[in-house]
Amino acid sequence: MFHLGTINSVIASIHPATIPIIIIIVSIIAFTIIIERTVYFWKLKSISPEDFRRVKDLLIEKKWDEAKDYLATCSSGPTTAILQTGIEYKRRESKYYEDEMKSEGYRQIFQMEKFLTGLGTIATIGPLLGVLGTVVGMI
């Protein structure tokens, strides 16, 4: 049975050198996630208003393939993927193109939020590990 005030306590059983090592490992993981997300968002390229007008004109003229190809060349991002999905299903005259665009939107949101829950967890754990290190150091 572990008690906090005795020599056999849970906190006393932790070696003091392990807390800084854990903090360093968690910090490296957080830094890696931050760098990966920065690179991901840096590579995304949004659609300029001129390009969007051009795509819109092509869609009004029902030039589906040209609009889809033009989108692929002018930008790479979540908006482009959603619009390309909508164009593809509209070209096939599918009545579910709006649902497919929503599904693609959810996929893009999932891609953008990738690893952010882990980063939030690390942000919560970091200060607690610091306090634990202080307590272990005082004992």
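Modeller: A term to start with: a salt bridge is a side-chain nitrogen of Lys or Arg within 4 Å of a carboxyl oxygen of Asp or Glu. Keep in mind that this is a predicted model.

Colleague: Thanks! How many salt bridges are there in the whole structure?
Modeller: A search turns up seven. In one of them, arginine 37 pairs with glutamate 36, with the closest N and O atoms 2.7 Å apart.

Colleague: Is arginine 37 buried or exposed?
Modeller: Arginine 37 counts as buried because its relative accessibility is 6%, under the 20% cut-off. Glutamate 36 is partly exposed at 30%.

Colleague: And what does aspartate 65 pair with?
Modeller: Its side chain meets that of arginine 91 in a salt bridge, 3.5 Å from N to O. Aspartate 65 lies in helix H3 and arginine 91 in helix H4, so the pair ties together parts 26 residues apart in sequence.

Colleague: How do H3 and H4 run relative to each other?
Modeller: Their axes come within 10 Å and cross at roughly 165 degrees. Angles over 145 degrees count as roughly antiparallel, so that is what H3 and H4 are. The crossing is left-handed.

Colleague: Changing topic: which residues form a nonpolar patch on the surface?
Modeller: Ile21, Ile25 and Ile29, with about 270 Å² of accessible area together. Isoleucine 25 sits in helix H1, residues 18-43, and is partly exposed at 45% relative accessible area.

How values were computed:
Residues are numbered from 1 along each chain as its sequence is written. This is a predicted model: local features need pLDDT of at least 70, side-chain atom pairs count only at pLDDT 80 or more; totals for chains, interfaces and linings use all residues. Side-chain values use heavy atoms; hydrogens and water are left out. Patches are made of residues with over 30% relative accessible area and no salt bridge: like charges are joined within 9 Å, nonpolar side chains (Val, Leu, Ile, Met, Phe, Trp, Tyr) within 5 Å. Accessible areas come from the Shrake-Rupley method with a 1.4 Å probe; for residues, only the protein chains shown count as cover. Helices (H or I, at least four residues) and strands (E, at least two) are DSSP runs, numbered from the N terminus. Buried means under 20% relative accessible area, exposed over 50%, partly exposed in between (1.4 Å probe, protein chains only). Axes are lines fitted to C-alpha atoms, for helices over the stretch in contact, and angles run from 0 to 180 degrees between N-to-C directions. Angles under 35 degrees count as roughly parallel, over 145 as roughly antiparallel, 65 to 115 as roughly perpendicular and the rest as oblique. A crossing is left-handed if the near helix is turned anticlockwise from the far one by less than a right angle, and right-handed if clockwise.
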